[in-house]
Amino acid sequence: MFKGQLIKRYKRFFVDVQLENGIVTAHCPNTGSMRGLLNKNNTVWLSETDNPKRKLKYTWELVNDNKTNTLVGINTQLPNKIVY
């Protein structure tokens, strides 16, 4: 997992994140509005894939709402994998 700071979300499926080594664009698997979680500089965690068929190398997994210090899962498929 890579920890970074949220810059912005756009076109529903894309999010820009500031990592230690620069800005990356990641896939956002949650199509909901996520209002209240998209504050600039919220702490986010990304997973990485080396799948050559994917257009984006990173997937947005978690966000910490810095205002309420609440950790929220973004990837709606992740809870089933965790339980399994």
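Me: What share of the residues in the protein chain is buried, and what makes a residue buried?
Reply: Buried residues make up 32% of the 84 residues. A residue is called buried when its relative accessible area is under 20%, exposed when it is over 50%, and partly exposed in between (1.4 Å probe, protein chains only). This is a predicted model, in which local features need pLDDT of at least 70 and side-chain atom pairs count only at pLDDT 80 or more, while totals for chains, interfaces and linings use all residues. Residues are numbered from 1 along each chain as its sequence is written, and side-chain values use heavy atoms, with hydrogens and water left out.

Me: Why is Leu6 called buried?
Reply: Leu6 has 0% relative accessibility, so it counts as buried. Leu6 is part of strand E1. Its contacts, meaning heavy atoms within 4.5 Å, include Val15, Leu37, Val44 and Trp60, with residues up to four places away in sequence not counted.

Me: How do you know whether Met1 is buried or exposed?
Reply: Met1 has a relative accessible area of 62%, therefore it is exposed. Met1 sits in the segment before strand E1 (2–10). Leaving aside neighbours within four places in sequence, Met1 is in contact with Trp45, Leu46, Ser47, Glu61 and Leu62. From the C-alpha of Met1 to that of Thr59, 58 residues apart along the chain, the separation is 9.7 Å.

Me: Why does Asn30 count as buried?
Reply: The relative accessibility of Asn30 is 17%, so Asn30 counts as buried. Asn30 belongs to the loop between strand E3 (22–27) and strand E4 (43–48). Not counting residues up to four places away in sequence, Asn30 touches Arg9, Arg12, Ile74 and Thr76.

Me: What does the side chain of Asn30 reach, and at what distance?
Reply: The side chain reaches the backbone oxygen of Ile74 at 3.4 Å.

Me: What makes Arg12 partly exposed?
Reply: Arg12 has 48% relative accessibility, so it counts as partly exposed. Arg12 lies in the loop between E1 and strand E2 (14–19). The phi of Arg12 is near 65 degrees, a positive value in a residue other than glycine. Most residues other than glycine have a negative phi.

Me: What is the phi of Met34, and why is Met34 called buried?
Reply: Phi of Met34 is near 55 degrees, which is positive in a residue other than glycine. Met34 is in the loop between E3 and E4. Its relative accessibility is 10%, so Met34 counts as buried.

Me: Why is Asn21 called exposed?
Reply: Asn21 has 69% relative accessibility, so it counts as exposed. Asn21 has its place in the loop between E2 and E3. Asn21 and Lys3 are 18 residues apart in sequence and 11 Å apart in space, C-alpha to C-alpha.

Me: How do you know what the radius of gyration says about the protein chain?
Reply: A compact globule of 84 residues would have a radius of gyration near 12 Å, and the protein chain has 12 Å, so the two agree. The radius is taken over C-alpha atoms, and the globule rule is 2.2 Å times the number of residues to the power 0.38. Along its principal axes the C-alpha trace spans about 35 × 35 × 25 Å.

Me: What share of contacts joins residues at least 24 apart?
Reply: Among contacts between residues at least 6 apart in sequence, the share is 44%.

Key:
Helix = DSSP H or I, 4+ residues; strand = E, 2+ residues; numbered from the N terminus. Polar contact = N/O pair within 3.5 Å; in protein donor to acceptor, adjacent residues only side chain to side chain.
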